[in-house]
Amino acid sequence: MAQTILSLPLLVEVVWPFILVFTLVFAILQKTEMLGKGKRQIDALISLMIAIITVSFGYATGIIISLIPFLAVAAVILLVFMLIYGMTFKPGEFGLNKHVITVVGILAAIGVIIAVMVATGAWDYVRDLINTGEGGSVLITNLVFIGAIIVAVVVALVGSKEKKS
């Protein structure tokens, strides 16, 4: 595959993560006004230092580089879902149901957790723990059983609250 100027190792491993971390930290500091209102210079300096420290550690940069493709694919999937879901509404009346937002949020949280585990290498440990050893199948059975109990309790609680109101 041909290498473009945008995929040079210097850019991928230093410049792009630096710009991403700087921009995100600066935006968060500006939005939360954590360091005071109208303190753009201080927010910029803090963001600059956090971005420099982040790109100076290869492990942190590696995690960021691993997570960006997941972010891009997830954003495209969400865009396609919103386009298809939006086709069922009249023009100007688009809105998401509370339950749809909850389900999408839960799926997004699960996806982010799995993506971080894959990027950090923890996913291999969990997979090996489940698949190997004497109690592997027992562990899966217990996890499924506990998950089913939790789902049943949540459904029962939500169902009883809706009947009362």
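1. A residue is called buried here when its relative accessible area is under 20%, exposed when it is over 50%, and partly exposed in between, with a 1.4 Å probe and protein chains only. Because Thr54 has a relative accessible area of 16%, it counts as buried. The model is predicted, so local features need pLDDT of at least 70 and side-chain atom pairs count only at pLDDT 80 or more, while totals for chains, interfaces and linings use all residues. Residues are numbered from 1 along each chain as its sequence is written, and side-chain values use heavy atoms, with hydrogens and water left out.

2. Thr54 lies in helix H2, where helices are DSSP runs (H or I, at least four residues) and are numbered from the N terminus. Leaving aside residues up to four places away in sequence, Thr54 touches Val21, Ala60, Thr61 and Ile64, contact meaning heavy atoms within 4.5 Å. With the same exclusion of residues up to four places away, Thr61 touches Glu13, Pro17, Thr54 and Val55.

3. Which residues of H2 are buried? They are Asp43, Ser47, Ala51, Thr54 and Val55. Seen down the axis of H2, these residues fall within an arc of 85°, so they line one face of the helix; the arc is taken from the directions from the helix axis to the C-beta atoms. An α-helix has 3.6 residues a turn, so residues three or four places apart point the same way. On the other side of H2, Gln41, Leu45 and Ser56 are exposed. The cover over the buried residues of H2 includes H1 and helix H3 (58-86).

4. Helix H1 (residues 9-32) packs with helix H2 (residues 40-56) at an angle of about 145°, their axes being 8 Å apart. The axes are lines fitted to C-alpha atoms, for helices over the stretch in contact, and the angles run from 0 to 180 degrees between N-to-C directions. The H1 side of the contact includes Val14, Pro17, Phe18, Val21 and Phe22, and the H2 side includes Asp43, Ala44, Ser47, Ala51 and Thr54. The residues of this contact divide into 15 nonpolar, 3 polar and 2 charged, where Ala, Val, Leu, Ile, Met, Phe, Trp, Tyr, Cys and Pro count as nonpolar, Asp, Glu, Lys and Arg as charged, and the others, Gly among them, as polar.

5. H2 has 17 residues and spans 24 Å from its first C-alpha to its last, close to the 24 Å expected at 1.5 Å a residue; the expected span is 1.5 Å times one less than the number of residues. Helix H4 (residues 98-120) has 23 residues and reaches 33 Å between its first and last C-alpha, close to the 33 Å expected. The buried residues of H4 are Gly111, Ala115, Met117 and Ala119.

6. Two positive phi values deserve a look during review. Most residues other than glycine have a negative phi, and most peptide bonds are trans. Glu33 is a residue other than glycine with a positive phi, near 50°; Glu33 sits in the loop between H1 and H2 and is partly exposed at 39% relative accessibility.

7. Leu78 lies in helix H3 and is partly exposed, with a relative accessible area of 41%; the C-alpha atoms of Leu78 and Ala108, 30 residues apart along the chain, are separated by 9.5 Å. Ala72, also placed in helix H3, is partly exposed with a relative accessible area of 42%, and Ala72 and Thr32, 40 residues apart in sequence, are 25 Å apart in space, C-alpha to C-alpha.
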